Amino acid sequence: IKVATLQTKITHHNTMSYSTTTTTTTLPLCTNKSLSSSFTNNNSSFLSKPSQLFLHGRRNQSFKVSCNANNNVSGHDKNLDAVDRRNVLLGLGGLYGAANLAPLATASPIPPPDLKSCGVALVEEGVEVSYSCCPPVPDDIDSVPYYKFPPMTKLRIRPPAHAADEEYVAKYQLATSRMRELDKDSFDPLGFKQQANIHCAYCNGAYKVGGKELQVHFSWLFFPFHRWYLYFYERILGSLINDPTFALPYWNWDHPKGMRIPPMFDREGSSLYDDKRNQNHRNGTIIDLGHFGQEVDTPQLQIMTNNLTLMYRQMVTNAPCPSQFFGAAYPLGTEPSPGMGTIENIPHTPVHIWTGDSPRQKHGENMGNFYSAGLDPIFYCHHANVDRMWDEWKLIGGKRRDLSNKDWLNSEFFFYDENRNPYRVKVRDCLDSKKMGFSYAPMPTPWRNFKPIRKTTAGKVNTASIAPATKVFPLAKLDRAITFSITRPASSRTTQEKNEQEEILTFNQIAYDDTKYVRFDVFLNVDKTVNADELDKAEFAGSYTSLPHVHGSNSTNHVTSVTFTLAITELLEDIGLEDEDTIAVTLVPKVGGEGVSIQSVEIKLEDC
């Protein structure tokens, strides 16, 4: 270990314990610099290796006044638009350690992570990420202020990537090149790799709060965390080219014109290009928003139709209420990953998988794995469109509004700004993008007019000839399509009753190996002979997906148990089953079904 005598010293801990073996890795990470002045000095003796993970784990590294590399992680644990459909397709701790130690009996908001106890991240069981994902820890870690938005004279307008002109592309390439140059100092929080490591640390179990893994996916933290993440990343890029109006582009995959890798990211030799992408998906290949590791032999027109159908289901049918859109509640003291919202499930996750280099990279790097996703510049473009969906969803109306739960509003994260100053941020301060200083250039949203109307079945399936759910579940494995009948809690509901309560199809205790890809589709009023490659059917209810991820607190047992819900009020109206007491449901496994078990299924009425 080399220790430089500078104003700030850094502590790095890279130890991960397993049930069978204990591996301690000591990295030469102690070339120390002051956050206030030293990042123009490029004499660092350690350069971070390229970042990587769509998995969780633990990790440790700190920016403090000592330099130790042999601390045990367990010690830290204790401290813890209207458009013709066919024309569209054809023409188109230290940081608040007190909160981390608070009693867990009463729910409270998730605090910012304890940077001083940041731990080891895992790629998969027994395989650590080969470098630290932890950020530099500021000297004044115990007095980090809350972020205040700086004055602005005009909004930063995020453009659709496929329509960007060459002047914009040149500016974006220059900003990204300059960010990459900052990697010469591996501890510069503005460097490209350090920015990528933010995702690794927050998404792979490197942090703990309340003695449990902190995970910003699979819950209501997904949207606000990524909005703040992109906010600071965008401001850093702008500062590197002295342009405060610079705005990230968004990958407009919800419109046929944007359903391919944007050209600016597909130019070899550019700072926006990443070699670790699926080479079969380059050069204008149409993206499959339901992709889960397997190619589909489907005409391009059908893929685009499926994409728009998925967007309608995820934004409209299945997300009439905030809880379905944002994901399950995740207050302090609860287990991580309680449940995804609709957009995080699809299309967010399939876009990651489709872009990542799964044929050549064992773990789908870069985009196909949480730990490495931020190493591909297209990640930020992808998430800009995910963030845009938040604004678009609220514009649909009805009861589509932000959550009002105080535990959500007061949850916090930690970031560095473009001046290398550390800040705490709250969810409540990121609900209005314009107040944050940015907005999105408008594009048509054809999926809003893409409600599936073509029916597979004429009339109602004879549920008397189908086994009831009580005889099908528990289901040991979903290795083939299955059909069952299920009784509804109420039928022939009035408009007022529907407005007050949403009818929810609920699958309880879905268990599977969380290191594997999983996807299955759900249809109503069809049998198991349904053509599941054509999703533009009125009977298509939605899909469940899961991206491989390793829980740091459960590294030897990768069985995850989740609850999956689908809002079906609109769907029942569209296929004429409102007055039926019993309906038929069909599950069609697409990937990993042989490892999926389901304890039970029910239909509930829930307040919206």
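In the predicted model, T153 is placed in the loop that runs between strand β4 (127-128) and strand β5 (156-158), where helices (H or I, at least four residues) and strands (E, at least two) are DSSP runs numbered from the N terminus. With a relative accessibility of 83%, T153 counts as exposed, on a scale in which buried means under 20% relative accessible area, exposed means over 50%, and partly exposed lies in between (1.4 Å probe, protein chains only). Although T153 and G437 are 284 residues apart along the chain, their C-alpha atoms are separated by 9.0 Å. Residues are numbered from 1 along each chain as its sequence is written, and side-chain values use heavy atoms, with hydrogens and water left out. Because the model is predicted, local features need pLDDT of at least 70 and side-chain atom pairs count only at pLDDT 80 or more, whereas totals for chains, interfaces and linings use all residues.

The largest nonpolar core holds 121 residues, of which Y202, W228 and F413 touch the most other members; such a core is a set of buried Ala, Val, Leu, Ile, Met, Phe, Trp, Tyr and Cys residues joined through side-chain atoms within 4.5 Å. Helix α6 (residues 222-240) contributes the largest share of this core, namely twelve residues. Once neighbours within four places in sequence are set aside, W228 is in contact (heavy atoms within 4.5 Å) with Y147, F149, F413, F415, V425, K426, V427, D429, C430 and M436. Another core, of 34 residues, lies apart from the largest one and includes L505, F507, L587 and I603.

In an unreviewed entry, H199, H217 and H226 are listed under "binding site". These residues are spread over 28 residues of sequence, yet they cluster in space, with a largest C-alpha distance of 10.3 Å. Within this set, H217 is situated in the loop between β7 (212-213) and α6, and H217 is buried, with a relative accessible area of 0%. Residues up to four places away in sequence not being counted, H217 touches H199, C203, F222, H226, S337, E344, H348 and F370.

The unreviewed entry also lists H348, H352 and H383 under "binding site". These three span 36 residues in sequence, but no two of their C-alpha atoms are more than 10.0 Å apart, so they gather at one spot. H348 belongs to helix α9 and, at 1% relative accessibility, counts as buried. Beyond the residues up to four places away in sequence, H348 touches H217, F222, I343, H382, H383 and V386. Under "domain: Tyrosinase copper-binding", the unreviewed UniProt entry lists residues 217-234 and 376-387. The span 217-234 is 72% helix and 0% strand, with its end C-alpha atoms 21 Å apart, while residues 376-387 are 83% helix and 0% strand, with end C-alpha atoms 18 Å apart.

Rolling a probe the size of a water molecule over the atoms shows where empty space is left. On a 1 Å grid over the protein atoms alone, a cavity is a set of points where a 1.4 Å probe fits but cannot get out, a pocket is an open set with protein on both sides within 12 Å along at least five of seven lines, and lining residues have an atom within 4 Å of a point. The largest pocket has a volume of about 480 Å³, and among its 29 lining residues G339, M340, T563, F564 and T565 lie nearest its centre. Strand β15 gives the most to this lining, with six residues. The lining of the largest pocket divides into ten nonpolar, 17 polar and two charged residues, where Ala, Val, Leu, Ile, Met, Phe, Trp, Tyr, Cys and Pro count as nonpolar, Asp, Glu, Lys and Arg as charged, and the others, Gly among them, as polar.

The largest cavity has a volume of about 120 Å³, a volume being the space filled by probe spheres set on grid points joined across faces, edges and corners. Its lining comprises 14 residues, of which P135, I198, Y207, F414 and Y416 are the closest to its centre. Helix α5 gives the most to the lining of the largest cavity, with six residues, and this lining divides into eleven nonpolar, three polar and no charged residues.

Conventions
UniProt positions renumbered as here; feature names shortened; annotations may be inferred.
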